[in-house]
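Trainee: I would like to learn how the features of a structural model are read. Could we take them in turn, beginning with the overall form?

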Amino acid sequence: AFLKGVHSVTWVVGLTVLFLYVYAVVGCELYYHSASEGVAADFEEATGVTLREYWGTVGRALLTLMQVMTFDSWADFVRPLVHATPVRSSLYFFSFIVLCSFMCEFMMSAVFTDTLIEIRQEEVVQRRNAHRKWLAHVKRCAAQLFTIADEDGSETLDREEILRTLLIIQRRQAQVDRGVPIPNDSLTRVMIEMARHNINVEDA
């Protein structure tokens, strides 16, 4: 299921990376290059580190957003920013969490779930087709056994014909088990086909 869903998951991962990069660039601009001295001072006072540690470069912004995406102590540095710039920071982090943390994770789960359902349906179809093929072999073997057992050509089988055919099959099977050669006739060929397709006499 994993290998089958990799192709679809690749698109989800690519979309997530694109969102991360865009938000990292925006976050780097908002909270480092365009941040006021008051916002930077309040942030450093609340967290003990500067904005540069979290948003100084795109790479650092990516790491910061990954921390937000995984909800790893993200409130420690998000709360000071929301307190300093309520509207801007609320929109930024809320939209990021919805798009990246929730939507992308749900999309990935949906892809794997859909893949598992598809594989399950394929397995059901394969089993159904295999059973139909087996039934076709059973019908063919049953028709051949009927022709062999109907010695008088009456197109009906009486008790003696059925018992005689079953007795011959049992004897030949016993000979095969002991390694004794058996005649290469139509009955033997039917027995070989039945053994090849795992068909019992009761099935036929």
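Predicted model: local features only at pLDDT ≥ 70, side-chain atom pairs only at ≥ 80, totals over all residues.

Mentor: The radius of gyration is taken here over C-alpha atoms, and the globule rule is 2.2 Å times the number of residues to the power 0.38. For a compact globule of 204 residues the value would be near 17 Å, whereas the protein has 37 Å. Along the principal axes, its C-alpha atoms fill a box of roughly 110 × 35 × 20 Å.

Trainee: How many helices and strands does the protein have?

Mentor: Helices (H or I, at least four residues) and strands (E, at least two) are DSSP runs, numbered from the N terminus. The protein has eight helices and zero strands, and its pattern along the sequence reads α-α-α-α-α-α-α-α.

Trainee: Which percentage of the residues of the protein count as buried?

Mentor: Buried means under 20% relative accessible area, exposed means over 50%, and partly exposed lies in between (1.4 Å probe, protein chains only). Of the 204 residues, 27% count as buried. Accessible areas come from the Shrake-Rupley method with a 1.4 Å probe, and for residues only the protein chains shown count as cover. The accessible surface of the protein comes to about 13300 Å², with 60% of this belonging to carbon and sulfur atoms.

Trainee: How far apart are the mean positions of the positive and negative charges?

Mentor: Lys and Arg count as positive and Asp and Glu as negative, while His and the chain ends are not counted. The place of a charge is NZ of Lys, CZ of Arg, CG of Asp or CD of Glu. The mean positions of the 19 positive and 25 negative charges are 8 Å apart.

Trainee: Among contacts between residues at least 6 apart in sequence, what share joins residues at least 24 apart?

Mentor: Contact means heavy atoms within 4.5 Å. The share in the protein is 64%.

Trainee: Which residues have the most contacts inside the largest nonpolar core?

Mentor: A nonpolar core is a set of buried Ala, Val, Leu, Ile, Met, Phe, Trp, Tyr and Cys residues joined through side-chain atoms within 4.5 Å. The largest such core has 22 residues, and those with the most contacts inside it are Tyr31, Trp55, Leu65, Leu81, Tyr92, Phe93 and Phe96. At least two residues of this core come from each of H1, helix H2 (37-47), helix H3 (51-55), helix H4 (58-69), helix H5 (75-84) and H6. A second, separate core of six residues includes Ile169, Leu187, Val190 and Met194.

Trainee: Which residues does Leu65 contact, leaving aside its neighbours within four places in sequence?

Mentor: Leu65 is in contact with Leu20, Tyr23, Ala24, Trp55, Tyr92 and Phe96.

Trainee: Is Thr16 buried or exposed?

Mentor: Thr16 counts as buried because its relative accessibility is 9%. Thr16 is placed in helix H1 (residues 2-33). Apart from residues up to four places away in sequence, Thr16 touches Met69, Cys100 and Cys104.

Trainee: Where does Glu105 lie, and which residues does Glu105 touch beyond four places in sequence?

Mentor: Glu105 lies in helix H6 (residues 86-149) and touches Met69 and Cys100, with residues up to four places away not counted. Its relative accessibility is 37%, so Glu105 counts as partly exposed.

Trainee: How far apart in space are Cys141 and Met194?

Mentor: Separation in sequence and separation in space are read side by side. Cys141 and Met194 are 53 residues apart in sequence and 6.9 Å apart in space, C-alpha to C-alpha. Cys141 lies in helix H6 and is buried, with a relative accessible area of 0%. For Leu167 and Phe112, the values are 55 residues in sequence and 55 Å in space, C-alpha to C-alpha. Leu167 is found in helix H7 (residues 159-178).

Trainee: Where is Phe71 placed, and what is its phi?

Mentor: Phe71 is in the loop between H4 and H5 and has a positive phi of about 60°, although it is not a glycine. Ser73 is also placed in the loop between H4 and H5, and its phi is near 50°, a positive value in a residue other than glycine.

Key
Residues numbered from 1 in each chain as written. Heavy atoms only, no water.
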